[in-house]
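Dear colleague,

Please find below the structure that I am handing over to you. My notes on what was found in it follow.

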Amino acid sequence: MSSVKQQQECPRRAGATPQTGEPARASRVSRQPQHRGLELDMPRVLSAGTVALAVASAAVLMLAGCADMGHQSAPVAIRGADTMGLANAVQTTPVQAQWWHQFGDARLDDLVAQALAGSPNLGAAQARVARAQAVVDSARGAELPHVDFDASVKRELLSRNGLFPPPYGGSVLNQANASFGLKWDADLFGRQKADLEAALGSARAAQADADVAAQQIATQVVRTYFALARLESQRAVAQRTYDQRSQMLTLIKQRVGAGLDTVVEQKQGEGALPDTLAQIESLDEQIDLTRHMLAALTAQPMEALATLAPTLDTLHVSPQPPVLGADLIARRPDVAAALARVEASEQQVKSQRAQFYPDINFSAGFGLDSIKLSKFLELPSKSWSFGPALHLPIFEGGQLRAQLKGKGADRDAAIQAYNQQVIDAVREAADAATSAASIGRQLALQRQALEASTASYDFSQKRYGQGLGNALVVLNAETQMLAERRLEVDLEYRALDVQAQLMKALGGGWTANVASTPPAAAASQPMTTTARNDNLSPA
């Protein structure tokens with residue numbers, strides 16, 4: 001009876017034709033597959049040409065459907081060394097990595113080493129390097145397949161009026177599932193690669209910034225040490241002035257007692273002493289403040305350097321006229337940091353441009369799923385999935401174009417910052433070289449003037465002691481001599497200070513491995529540098 005009923009309800013299942021219900025020809029029936037006495041329709045198999053045409057059509061539609069990038073302006077030009085008058089055939093004067101050793105002061109060398117080892121600013125710069133490297137590691141991880149595992153067990157009451165009707169609706173079920181999942185982004189248009197290159201550029205910039213921070217700390221310690229030596233030398237001059245004026249006052253009193261001078265000369269001699277003592281007190285204050293600054297730079301207690309008293313006489317400098325060549329730009333870590341930011345911003349533009357193209361992901365999963373805990377580990381509880389996913393931007397309301405323009409503006413800003421850094425680097429080196437040469441000439445002339453004023457003072461003092469002159473002439477000669485001595489101390493200090501600035505302006509011994517020629521035209525082809533951070537290690 002059941003077979004008759006099937007034939008009445010569905011003639012096709014009984015082997016009849018859909019139009020008449022009559023039995024089909026034997027030849028027709030024999031070609032159709034059978035399953036438990038019932039006939040199944042199978043889809044037609046597409047030919048290889050049809051499949052290829054479908055794939056090509058899908059690719060054309062996919063590319064044609066991408067969002068329009070609109071008009072994007074070309075990057076601004078990068079300034080090269082030749083635009084600053086630096087010749088490629090000339091090599092910049094080399095600088096030793098630990099250039100402060102040239103001054104021949106072991107105490108200074110120790111202070112620089114302490115500053116580089118304990119500076120919080122340098123530690124913060126190194127932390128920024130570590131953070132940038134973490135971003136690089138994260139970008140590398142995005143290129144690899146991701147595998148994860150999820151598992152859950154829960155007891156759930158299903159609603160009678162929900163998706164599942166009774167007897168499941170209204171019942172309490174135990175549900176357990178566990179699955180492994182795999183995801184991988186094909187990155188056909190290089191978005192993840194550009195993100196990785198941008199992260200690498202940022203990491204190079206952070207490392208160069210750390211080297212800049214180390215150079216700044218070393219230079220600041222050296223210059224502060226020189227300032228302390230200047231103050232100590234000025235105090236020695238002031239102390240010598242006080243001693244000479246005390247001796248002069250004693251001589252004046254003797255002459256007044258002998259009736260050779262008047263009280264006027266004595267009052268002039270007495271009035272000069274408090275002025276000298278005030279100068280000494282002011283210098284002592286500046287010396288203490290400078291010691292505090294050195295202690296802070298070297299991360300020590302404020303009173304740790306209370307006895308530190310360098311003088312300019314203990315420091316040696318033999319400046320040589322520097323030569324500035326095109327490689328000056330490659331020797332400067334601040335310029336290298338700016339260039340690395342240009343490279344990173346260019347890669348960010350590429351990454352943003354890839355947002356306009358399709359994003360294809362592949363995912364797969366395998367696991368177990370059961371509404372009965374007792375059957376959870378049985379083979380019929382298995383489940384799996386596999387397939388690709390496509391994301392294609394078609395209309396984004398102008399957001400993608402605006403974001404791309406923003407990245408282009410960031411790139412142009414980075415290029416302009418690099419150009420300005422190149423200008424500043426060349427100016428700093430040229431200024432330091434000019435000042436070093438000029439101070440050398442000034443110092444030679446100043447020593448001649450000091451020699452003449454010292455001779456004049458000695459001569460006037462001898463005449464006064466022989467009763468051939470008056471005290472006013474001696475005091476005037478002394479004042480001139482001391483003024484010339486102070487100017488000599490200041491010029492000696494400036495010679496040392498400018499030498500330190502020149503060493504930093506020439507790169508401070510920083511080196512980089514250059515993978516290509518310096519950029520001169522397009523921002524799309526920046527120079528790649530890999531810096532070494534061994535140039536400022538403590539001695």
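**The nonpolar core**

The largest nonpolar core has 80 residues, and among these F103, V222, F226 and Y418 touch the most other members. Please bear in mind that this is a predicted model. At least two residues of this core come from each of helix 4 (106-118), helix 5 (120-142), helix 6, helix 7 (263-297), helix 8 (328-331), helix 9 (333-354), helix 10 (399-465) and helix 11 (471-505). Helix 6 gives the most, with 20 residues. As general background, nonpolar side chains tend to be buried together in soluble globular proteins.

Leaving aside residues up to four places away in sequence, F226 touches F103, L108, L312, L315, Y493, L496, D497 and A500.

**Helix 6**

Helix 6 covers residues 191-257, a run of 67 residues. At 1.5 Å a residue this helix should span 99 Å, and its end C-alpha atoms are 97 Å apart, which agrees. After helix 6 comes G259, which has a positive phi, near 80°.

Four strands form an open sheet in the order 3-4-5-6, and their pairing is antiparallel. Strand 3 and strand 6 (382-391) are at the edges; each has a single partner strand, so one side of each is left without a neighbour in the sheet. From one strand to the next, the twist averages 20°. In general, the strands of a sheet pair through backbone hydrogen bonds.

The individual pairings are as follows:

- Strand 3 (residues 146-157) is joined to strand 4 (residues 172-185) by 12 bridges; here D148 has G181 of strand 4 as its bridge partner.
- Strand 4 pairs with strand 5 (residues 359-370) over 10 bridges, in the antiparallel sense; W184 stands opposite F362 of strand 5.
- Strand 5 and strand 6 run antiparallel and are joined by 10 bridges; F366 has W384 of strand 6 as its bridge partner.

**V172 in strand 4**

V172 lies in strand 4. Between V172 and L158, the separation is 14 residues in sequence and 6.4 Å in space, from C-alpha to C-alpha.

Yours sincerely

Note on methods:
Residues are numbered from 1 along each chain as its sequence is written. This is a predicted model: local features need pLDDT of at least 70, side-chain atom pairs count only at pLDDT 80 or more; totals for chains, interfaces and linings use all residues. Side-chain values use heavy atoms; hydrogens and water are left out. Two strands pair if DSSP finds at least two bridges between them. Axes are lines fitted to C-alpha atoms, for helices over the stretch in contact, and angles run from 0 to 180 degrees between N-to-C directions. The expected span of a helix is 1.5 Å times one less than its number of residues. A nonpolar core is a set of buried Ala, Val, Leu, Ile, Met, Phe, Trp, Tyr and Cys residues joined through side-chain atoms within 4.5 Å. Buried means under 20% relative accessible area, exposed over 50%, partly exposed in between (1.4 Å probe, protein chains only). Contact means heavy atoms within 4.5 Å.
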